[in-house]
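I opened the model and kept notes as I went. Each entry records one thing I looked up.

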Amino acid sequence: MDKLASLLHTSPATAWMVAKLVIVFAGVFSLAALWTWVERRGSAMIQDRIGPNRAALFGKIKILGLVQPLADGIKFFFKEDLVPHDANKALFWLAPFLALVPALMGFAVIPFGRSFTSGGQEYHLALLDPGNGMGLLYPLAIGGMAVYGVLVAAWSSNNKWSILGGMRASAAMVSYEIGMSLAVVTIFMTTGGYDPSEVISAQGHLPWAWNIVRQPLGFIVFFTCMFAETNRLPFDFAEGESEIVAGFNTEYGSMKFSLLALSEYCHLMTASALMATLYFGGWQVPFVKDPSVMLSVLSFLVKMLFFAWVFVWIRWTLPRFRYDQLMRLGWKAMLPMSMVNLIFHAWRMSQGH
Amino acid sequence: MGVVVKKVELSWLDRTYVWPVMKGMGITFQHFLKQLFTPTAKRFTIQYPDMKKEMPEGYRGLHELKRFEDGAIKCVACFMCQEACPARCISIEAEEFSDLNITQGFEEKRPAKFSIDMLRCIYCGMCEEACPKDAIWLRKDYEVAAYDRLSMQFGKWDLMNTYSEPDGKERISEDPTPSVPRRTIAL
């Protein structure tokens, strides 16, 4: 790392930061692209179909259709980029970025492997080092910003379906944020800190000490709220293909649509990383006290990809909620449940556990 | 009196919503695993250009004009199929020929031109039923498509060679015996 830094005329810290940036963003981006394929193949398998398997490199190497995202990307780049006549052009252009940036930024604070010391310097496998003062409040705050992407996309495209989708989605996201935050607050409380590394080290390497066992109710609430936050089925109110055409991205085409779709998958990745960190011990390897760096990264990836798969799995299992059912679930079930969770753990802590 | 709708009483476990969701996920995962470990040939989807659907017995597809061992056409140009055809898509022109091997010098009849307009044909199989010599029949081939209208006019040789490749027969483009110049009959 030092050699590379001197070669690039930068300090090792900067070089390491850049390397982490590239790894994290390229990783999340390529995983998001891969997950479009996983979603299509997985849904096909669940429905006894086959799914896209014909896209091939140079027309020969098929590898299960894994190059389908690449083909999709090329197609999106060469599509005509239409902007509706009466759309608010500036916001219409801005919206995909407003959707993508928060989805990617949420990942910055999550440690994807254990910290290690090399050459007298400590390296942390997270974009923001532990002790930055923001901790896990940061992804929650950034997640709140994701509403703007949807809402701006919906409003600027000057389309009734879009506005309907955007309004419902933003209402759903805002109301589920409360339940989610309360569930996370409980974790902060029992951990005694909100830094992700603290949350992870407090959970330890034994699976029965992880937060999923300690706070199953909180996990259910958080898990459900993550579906509402990422706007995926069964809470797919931003798009709602069967009722409002395509919701907030009705008017979007070509690469702008691709960015909106990618942002959904980046959001999915961030949400599953959050779930792995908060409830499943982050990079901790079950029953291994001091895992090597590679093993811890692998463990984190496995957990994260499992939850990403659960997102896909649930999407193709459950039917969509009606809007009033969604609101009732959010305010009358999720919020009280997370409050009960919070009060129960507060009571337990007061009893000296 | 209206219909009394029986309401299903849900158990407390079903009302939590979590347990039914897990049951549903179990079902979808079963389907996922089943489809994942089914070999491609046994899946419901037939991946068309690579795999082809086996048509049931009695399926009426593209026509074939049958031939004898020596390549002579079985059709005797009796015009029965042309008459029977409800879509009027068959048109035949007859000619006379002499086949010394079979007919010992007698003059016989055969189609000089035999064309079927595949755009008009309704694949009803009436020509097959009408044929007294079993010279025309409809087989299981269903890939009848072309880029222009002209190539949907199937001539005599097209109809005779339709199945020559899958059957391992030779493609022919000429009758084994020459035709006799037509004699004009003075009335």
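At roughly what angle do the axes of H2(A) and helix H10 (residues 254-279) of chain A cross? I read roughly 110 degrees, with the axes coming within 9 Å. An angle of 65 to 115 degrees counts as roughly perpendicular, so H2(A) is roughly perpendicular to H10(A). This is a predicted model, and I read it as such.

Next I listed the residues at that crossing. From H2(A) I noted A:Val28, A:Leu31, A:Ala32, A:Trp35 and A:Thr36. They meet A:Leu262, A:Tyr265, A:Cys266, A:Leu268 and A:Met269 in H10(A). By class I got 9 nonpolar residues, 1 polar and no charged.

**Confidence**

I checked the scores before going further. Chain A has a mean pLDDT of 84, and 99% of its residues reach 70 or more. Chain B has a mean of 83, with 90% of its residues at 70 or more. For the complex, the predictor gives an ipTM of 0.78 and a pTM of 0.79. Where in chain A is confidence lowest, and where highest? The lowest mean, 72, belongs to helix H1 (residues 2-7) of chain A. The highest, 89, belongs to H11(A). I kept one caution in mind: where pLDDT is low, the predicted coordinates should not be read in detail.

I turned to helix H6 (residues 160-191) and helix H12 (residues 323-350) of chain A. Their axes are 9 Å apart and the packing angle is about 10 degrees. Angles under 35 degrees count as roughly parallel, so H6(A) runs roughly parallel to H12(A). The contact has 17 nonpolar, 8 polar and 1 charged residues.

**Transmembrane record**

The unreviewed entry places "transmembrane region" at several stretches, among them 15-38, 91-116 and 293-314. I compared two of these with the model. Residues 293-314 of chain A are 100% helix and 0% strand, and the end C-alpha atoms lie 32 Å apart. Residues 91-116 of chain A are 58% helix and 4% strand, with the end C-alpha atoms 44 Å apart.

**Chain B**

I counted 7 helices and 5 strands in chain B. Along the sequence I read the pattern α-α-β-α-β-α-β-α-β-β-α-α. Chain B has 187 residues, and 15% of them count as buried. I also looked at contact range in chain B. Of the contacts between residues at least 6 apart in sequence, 69% join residues at least 24 apart.

**Where the chains touch**

I followed H2(A) across to helix H2 (residues 18-36) of chain B. The axes come within 7 Å and cross at roughly 100 degrees. That makes H2(A) roughly perpendicular to H2(B). A:Gly42, A:Met45 and A:Ile46 in H2(A) meet B:Thr28, B:His31, B:Phe32, B:Gln35 and B:Leu36 in H2(B). I classed this contact as 4 nonpolar, 4 polar and no charged residues.

**Single residues**

I picked A:Val38, which lies in helix H2 of chain A. Is A:Val38 buried, exposed or partly exposed? It has 19 other C-beta atoms within 10 Å. Buried needs 20 or more and exposed 12 or fewer, so A:Val38 is partly exposed. I took one distance from A:Val38: A:Ser338 is 300 residues away in sequence and 32 Å away in space, C-alpha to C-alpha.

Most residues other than glycine have a negative phi. A:Asn231 has a positive phi near 60 degrees. I placed A:Asn231 in the loop between helix H9 (216-229) and H10 of chain A. A:Asn231 counts as buried because 28 C-beta neighbours lie inside 10 Å.

B:Arg88 also has a positive phi, about 55 degrees, and is not a glycine. B:Arg88 sits in the loop between helix H3 (80-84) and strand E2 (90-98) of chain B. With 11 C-beta neighbours inside 10 Å, B:Arg88 counts as exposed.

Key:
Residues are numbered from 1 along each chain as its sequence is written. Chains are lettered from A and ligands numbered from 1 in the order in which they are written. This is a predicted model: local features need pLDDT of at least 70, side-chain atom pairs count only at pLDDT 80 or more; totals for chains, interfaces and linings use all residues. Helices (H or I, at least four residues) and strands (E, at least two) are DSSP runs, numbered from the N terminus. Two residues are in contact if their C-beta atoms, placed from the backbone, lie within 7 Å. pLDDT is the predictor's confidence in each residue, from 0 to 100. Axes are lines fitted to C-alpha atoms, for helices over the stretch in contact, and angles run from 0 to 180 degrees between N-to-C directions. Angles under 35 degrees count as roughly parallel, over 145 as roughly antiparallel, 65 to 115 as roughly perpendicular and the rest as oblique. Ala, Val, Leu, Ile, Met, Phe, Trp, Tyr, Cys and Pro count as nonpolar, Asp, Glu, Lys and Arg as charged, and the others, Gly among them, as polar. UniProt positions are given in the numbering used here, feature names are shortened, and annotations may be inferred rather than shown by experiment.
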